[in-house]
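Hi everyone, thanks for coming. Please bring up the structure on your screens, and we'll walk through it together.

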Amino acid sequence: MVKAVDKTKVPWWVANVIVPLVNLILALFVSGLFIFIAGENPYQALKLIIYGSFGYLEGFGYTLYYATNFIFTGLAFAVAFHCRLFNIGGEGQAYIGGLGVFLVGYYLTGFPISIVWILAIAGSMLFGAAWAAIPAYLQAYRGSHVVITTIMFNFIASALMVFLLVDVIRDTSQMGPHTVPLAEEQWFPMFREIAGWFGMKVGYSPLNITFLLSILVSLGVWFLIWRTKWGYEMRAVGHNTQAAIYAGISPQRNIILAMLISGALAGMLGVNEILGVHHEVMVNFPAGYGFTGIAVALMGRNHPIGIFLAAILFGMLYQGGSEVTFDMPNITRYMFVAVQGVIILFSGALENLFRPQIEYFFVSKLKEREA
Amino acid sequence: MVSQPILELQNINKSFGHVQANKNVSVIVNKGDIYGIIGENGAGKSTLMSIVFGYYRADSGIIKINNNTIDIKSPHQSILSGIGMVHQHFMLVETFTVLENIILGFEGEFIFGEKLKEAKKNLEKLCKDYNLQIDLDATISDLSVGFRQRVEILKALYRQAEILILDEPTGVLTPQEVDELFKILRSLKKEGKTIILITHKLNEIMNLTNKVTVMRQGEIVGERNTQDTSKEELAEMMVGRSVLLRVEKQKAKIGEVVLEINNISVKDDLDVMRVKKVSFKLKKGEILGLAGVTGNGQTELLEALTGIRKIESGEIKLEGTTISSNSHFSNPRELREKDVAHVPEDRQRMGLVTEFNASENIIFGYHHKPPFSNSSIMMGSNIFNHSNAIMKEYDVRPISPFLKTSNFSGGNQQKIILSRELNKDPKVLLVGQPTRGVDIGAIEFIHQRIIDMRNKGAAILLVSVELDEILSLSDRIVIMFDGSLVGEKINENVTDREVGLLMAGITN
């Protein structure tokens, strides 16, 4: 048994840097064991992951493209969580958000590009928020738990979109359940096009300017949570609803507000996928990013900086992982799902496993130095 | 009949942190007694019985049952030793039937069969023996509170309890249900069971028990045979006559009426009427003390006055205009904007967001207006400067506006709330338990601040269960009992005994 440490004496960098880092290293070590058992060299696998995700421009582009999606869905989860709402519905909100992007683009074909882009982003947010609105209302005024309702709304979104894509907005000139592509001038500039403007030749990756948008949005979320009245009131409701009522803050209003903002952020995944990469809506384009966003937010401790770093890490695993499965025949795609699971386990569920020991170690070391 | 001790407690000690909940407590309960333990909330009665029932372990002391010393480590062991407990909040699974609840943990076999039928037969016999009318197949959620309590009693009897502990059993019952309960308890006594009754209600003690022990601040003040004592004596023992910390204060300059409460009634969350047609007036420049044993409606009254709880009937007037009635009520924000400040009774549950840093709590409730925020953005430097200044003024230690509030001591957390609520020179100040769990130094400081506010002309309502506090601060005292005001006294030569009797509901 390690004695409890006086929390005020723990330096911030121990709690927020050292502990997550130790957890990550442990997770990688356990993952290495998996790879070893599967009959491959873990060291080589790690090298491949790092090379695959950072070693060359196209791979790096993929890493950042995945990270863009995780930033949006991670931030979405985090905003709701600051109001102690478990928004599991990022997947469905993103799906519907994509529909918003497409409809704006489709009906405004021929309009000035800047207007289309701004309205398409607004459309993604509006549709995402709308999809979170009913669960939000039910939680605020009827007490139906958002975990249940948002999960249900994921299924409803999925069914609704299949219906729309098959029967209503399908590209009738083709067999697949997807829409017509948006007009080419509406597409977001790709990273390689931008590099091309500066005379660099880069191969294909889906990275586009949405990545920059995601960084702006991260700053915006930080500002919202810690510098605005809305953020202050949402956090008050999240931490202590009784006290919020005492202070004249309406829990209902803030529950709805937090869920709408959360839905809007999840919806922005549609910007990256539709304006940035596919240019059309297809069945199940959110592909689980909404769910992985929950892990990203938990690992990033619901702080935009943490979420950014965790998103890059998960982008790295997605991209590097596919390189490994390509080069190492004994390692399947599912192996990397397991690796992600181990990371989530160590940095989420077992987050406090070694925290007391680590904090105790540093606090006593610091005391020695002072003495 | 020669009485023989069935339960003996010797020198029980128990501390929670700095607070000693039980101090050298020794009790002997004889077989066949209805034994009362009486005392104010926080006197240590429940702690003592929790030790007997195995929820807590005593720091030191001996427990003997039938003259055998036993070390009770868990409720399970306590049940096996023949102790049953009926809690204030029932421990029943609402969706199960009576029968399922009673056999819970004692099912006997993996698949219900013969044992279940046997249990049912035994229970039916028990019901008949003790005259407990319960439908064993009814679902708990369909039963009234009184019946649920009977299920708890039956549960204890089924587990062969010889000693039955009841913790504030009448708190949630209607008068008719109380009569029924007393009948049941008397018939249990006749069958030779021993009953320990924990309560703060004198009538119950006088009605039911044959022996009574009074506890105050963790200690036993005295033991009496019920027939040899009186309500008055017990009330005096409960309230005690500790040395008063009279605060220096000049004569009040009382002005016009600021807050007028007319006939208001208020319900609690369980829809029970807790405040019954209460009226009083609060004047400029006075401290009105509201005395009463916890749970007599003070909390609900305070919450109604501050807009947290709505009123069922009656009206509240501020400077002559109605601010709340049953059709319209002002919410906490509106009241704050009308210069009504509120120091809530429970600082951790209501007064603070303990995860916030100190500066965020210093503006809590006032955060929505300049200088702390404009239409949407919080003004960080204004908040910081204000916090720094006010923490110095109110001697909050340490002066670190960015330190998380849960890292401050109880006294300093309370100072954070006071600094926030007193700072704006409110017209009306509603204060609940201002010094609960606060050390002596801080108590003096807080009392001085409240008196300063009165001298500046604020109208102050002080709600406290500490009679000393009421007596030393108030200019006028009203006493609340069972939802009604049962007395009013100008605080000149008032004795704690007079007020104590009223607090216990003795009005003649």
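**Strands and helices in a predicted model**

Let's start in chain B, where strand β11 (residues 257-267) and β12(B) run antiparallel and are joined by 7 bridges. In that pairing, B:I264 sits opposite B:V278 of β12(B). A word on terms: strands (E, at least two residues) and helices (H or I, at least four) are DSSP runs numbered from the N terminus, and two strands pair if DSSP finds at least two bridges between them.

Before going on, please keep in mind that this is a predicted model, where local features need pLDDT of at least 70, side-chain atom pairs count only at pLDDT 80 or more, and totals for chains, interfaces and linings use all residues. Residues are numbered from 1 along each chain as its sequence is written, while chains are lettered from A and ligands numbered from 1 in the order in which they are written.

Now the sheet around that pair. It is open, with 4 strands in the order β12-β11-β14-β15 (chain B) and antiparallel pairing. β12 (273-283) and β15 (321-325) of chain B each have a single partner strand, so one side of each has no neighbour in the sheet. From one strand to the next, the twist averages 20°; angles here run from 0 to 180 degrees between N-to-C directions, with axes fitted to C-alpha atoms, for helices over the stretch in contact.

Chain B has another open sheet, this one of 6 strands, ordered β16-β17-β18-β13-β19-β20 with mixed pairing. Its edge strands are β16 and β20 (484-490), each pairing on one side only. The twist there averages 15° from one strand to the next.

Which way do the residues of β16(B) point? In this strand (residues 340-343), B:V340 and B:H342 point one way, B:A341 and B:V343 the other, and all are buried (20 or more other C-beta atoms, placed from the backbone, within 10 Å of their own). β16(B) runs parallel to β17 (residues 428-432) of chain B, with 4 bridges between them. There, B:V340 has B:V428 as its bridge partner, and B:A341 stands opposite B:L429.

Over to chain A. The axes of helices α5 (residues 113-142) and α11 (residues 251-267) come within 7 Å and cross at roughly 150°. That makes the two helices roughly antiparallel (over 145 degrees).

Finally, confidence: chain B averages a pLDDT, the predictor's per-residue confidence from 0 to 100, of 88. The model scores ipTM 0.85 and pTM 0.79.

How values were computed: Buried ≥ 20, exposed ≤ 12 C-beta atoms within 10 Å, placed from the backbone. Parallel < 35°, antiparallel > 145°, perpendicular 65-115°, else oblique.
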